[in-house]
Amino acid sequence: MDKSAAISALQKMTYGLYALTAAHQGAKNAMIASWVSQVSYDPFLVMVAVHPNRYTHALITGSGCFALHVLAREQKGWVRRLKDPDPESKFLNIPWEKGVTGCPILQQCIAYLECRVVETLNPGNHTLFMGEVAHAVRLSTDEFPLSTLDYEGTYTGKQ
């Protein structure tokens with residue numbers, strides 16, 4: 001297989017860009033996640049892929065919970081902010097509160113889903129956390145979700 005051709009093709013796949021938050025033992029973090037999908041209606045299950053070297057991976061593993069936030073197109077600047085290596089700086093001047101799962105809930109988003117991990121899979125170099133939705137809220141009805149079409153690139157998993 002031609003690896004560069006595969007990467008080039010994968011860069012053409014589109015995804016939503018979500019804020020993924022987690023907390024464990026007083027530590028919290030937020031990161032951008034794009035490998036996200038609903039996988040079941042009954043029960044409501046969503047899946048997120050996280051590389052094991054991410055700080056958020058350890059928080060999800062420790063707590064067994066995560067929260068996904070649907071960002072608006074106008075929040076494109078959050079992508080850079082949530083890539084900052086300092087977890088505390090990500091939450092400065094952003095209204096948030098502790099959710100029912102203990103995860104940080106960002107109040108400025110279109111919607112959020114709090115999930116409890118029900119299964120963890122390791123099919124490749126990313127961990128798939130499958131979470132059952134424990135709590136969900138839609139905060140906005142008229143904004144368009146942020147996606148890779150609004151951003152200058154698509155994450156293909158290269159480190």
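Cys65 counts as buried, because its relative accessibility is 7%, under the 20% cut-off. Cys65 takes part in no disulfide, and the nearest cysteine sulfur, that of Cys103, sits 5.3 Å away. Keep in mind as you look around that this is a predicted model. Below is a friendly tour, from the cysteines to the whole fold and then to a handful of individual residues.

**Cysteines**

- How many disulfides does the count come to? The count comes to zero disulfides.
- Cys109 is in no disulfide either; the nearest cysteine sulfur to it belongs to Cys115, 13 Å away.
- Is Cys109 buried or exposed? Cys109 is buried, because its relative accessible area is 6%, under the 20% limit.

**The overall fold**

- The protein is built from three helices and nine strands.
- Read from the N terminus, the order of the elements is α-β-β-β-β-α-β-α-β-β-β-β.
- The radius of gyration is 15 Å, close to the 15 Å that the globule rule gives for 159 residues, so the protein is as compact as a globular protein of that length.
- Along the principal axes, the C-alpha atoms fill a box of roughly 45 × 35 × 35 Å.
- Of the contacts between residues at least 6 apart in sequence, 65% join residues at least 24 apart.

**Surface and charge**

- What share of the 159 residues counts as buried? The buried share is 44%.

- Arg80 belongs to helix α3, which covers residues 78-81.
- Arg80 is exposed, because its relative accessible area of 72% is over the 50% cut-off.
- Arg80 and Cys115 are 35 residues apart in sequence, and their C-alpha atoms are 25 Å apart in space.
- Leu82 lies in the loop between α3 and β6.
- Leu82 is buried, because its relative accessible area is 4%, under the 20% cut-off.
- Which residues does Leu82 touch, not counting those up to four places away in sequence? Leu82 touches Ala19, Ala30, Met31, Ile32 and Lys90.
- One of these partners, Met31, is 51 residues from Leu82 along the chain, yet the two C-alpha atoms are separated by 5.0 Å.
- Asn93 is also found in the loop between α3 and β6, with β6 spanning residues 96-98.
- The phi of Asn93 is near 60 degrees, a positive value in a residue other than glycine.
- Asn93 counts as exposed, because its relative accessibility of 78% is over 50%.

- Gln25 sits in the loop between β1 (18-24) and β2 (27-33).
- Although Gln25 is not a glycine, its phi is positive, at about 50 degrees.
- Gln25 is exposed, because its relative accessible area of 74% is over the 50% limit.
- Pro43 is placed in the loop between β3 (36-40) and β4 (45-50).
- Is the peptide bond from Asp42 to Pro43 cis or trans? The bond is cis, with omega near 5 degrees.

**Strand β9**

- Ala134 lies in strand β9, which runs over residues 127-138.
- Ala134 counts as partly exposed, because its relative accessibility of 34% falls between the 20% and 50% cut-offs.
- Leaving aside neighbours within four places in sequence, Ala134 is in contact with Thr101, Glu114, Cys115 and Arg116.
- Ala134 and Ala111 are 23 residues apart along the chain, and their C-alpha atoms are separated by 14 Å.

Note on methods: Residues are numbered from 1 along each chain as its sequence is written. This is a predicted model: local features need pLDDT of at least 70, side-chain atom pairs count only at pLDDT 80 or more; totals for chains, interfaces and linings use all residues. Side-chain values use heavy atoms; hydrogens and water are left out. Helices (H or I, at least four residues) and strands (E, at least two) are DSSP runs, numbered from the N terminus. The radius of gyration is taken over C-alpha atoms; the globule rule is 2.2 Å times the number of residues to the power 0.38. Buried means under 20% relative accessible area, exposed over 50%, partly exposed in between (1.4 Å probe, protein chains only). Contact means heavy atoms within 4.5 Å. A disulfide is a pair of cysteine sulfur atoms within 2.5 Å.
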